[in-house]
Amino acid sequence: MKTNRLYFLIALSIFSITIISAVINSIINYDTVAETFTTLGYPTYLIEILGFAQIFGLALILLNKDQWYVEWVYAGFFMNLSLGCIAHLATEQGNGASAVVCLMLLWVTYIQGKKVRESKKETVGLPLGSAA
């Protein structure tokens, strides 16, 4: 259980840093990011929407209060990253490697988070004084 939690926290930390740095990069280098979005065929108003959605989704994953919306947040991140990777490949503007790395981190976070939550459910039903 402790190793699953450790893997979850490491993957979540790295994923959080990459998402936050991407949002900060979008703010600092807005013109460059807007040009990239235009080249990829996306409207530039999506930069603000994606930035807000990524920070909001990251906060929901970190709070992790209700499994229902956490599943939707993971689905949203998956769609965002996979469509970004496909857009880069389709327009031949880079290879989308950063999106692939983030997808792998997202997958590890999702799987390890499920294992951590399942082990918490199992230990909740144990009587006091018993070891898990």
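Helices (H or I, at least four residues) and strands (E, at least two) are DSSP runs, numbered from the N terminus. This is a predicted model, in which local features need pLDDT of at least 70 and side-chain atom pairs count only at pLDDT 80 or more, while totals for chains, interfaces and linings use all residues. Residues are numbered from 1 along each chain as its sequence is written, and side-chain values use heavy atoms, with hydrogens and water left out.

View 1. You'll find five helices and zero strands here. Along the principal axes, the C-alpha atoms fill a box of roughly 60 × 25 × 20 Å. Of the 132 residues, 30% count as buried (under 20% relative accessible area, with a 1.4 Å probe and protein chains only).

**View 2. The largest nonpolar core has 18 residues.** A core like this is a set of buried Ala, Val, Leu, Ile, Met, Phe, Trp, Tyr and Cys residues joined through side-chain atoms within 4.5 Å. Phe15, Ile61, Tyr74, Phe77, Leu81 and Leu106 have the most contacts inside the core. H1, H3, H4 and H5 each bring at least two residues to this core, and H4 gives the most, with six.

**View 3. Zoom in on Phe77 and its contacts (heavy atoms within 4.5 Å).** Set aside the neighbours within four places in sequence, and Phe77 touches Phe15, Ile19, Gln54, Gly57, Leu58, Ile61 and Leu106.

**View 4. The largest pocket has a volume of about 790 Å³.** A pocket is an open set of points on a 1 Å grid over the protein atoms alone, where a 1.4 Å probe fits, with protein on both sides within 12 Å along at least five of seven lines; lining residues have an atom within 4 Å of a point. The volume is the space filled by probe spheres set on the points, which are joined across faces, edges and corners. Among the 29 lining residues, Ala22, Phe37, Gln54, Asn80 and His88 are the closest to the centre of this pocket. Helices H1 (2–28), H2 (30–40), H3 (46–63), H4 (67–91) and H5 (97–124) each supply at least two lining residues. By class, this lining has 16 nonpolar, 13 polar and no charged residues; Ala, Val, Leu, Ile, Met, Phe, Trp, Tyr, Cys and Pro count as nonpolar, Asp, Glu, Lys and Arg as charged, and the others, Gly among them, as polar.

**View 5. The second largest pocket holds about 300 Å³ of space.** Of its 15 lining residues, Asn64, Gly113, Val116, Arg117 and Lys120 are the closest to the centre. H5 supplies the largest share of this lining, seven residues. The classes here are six nonpolar, three polar and six charged.

Key. Buried means under 20% relative accessible area, exposed over 50%, partly exposed in between (1.4 Å probe, protein chains only).
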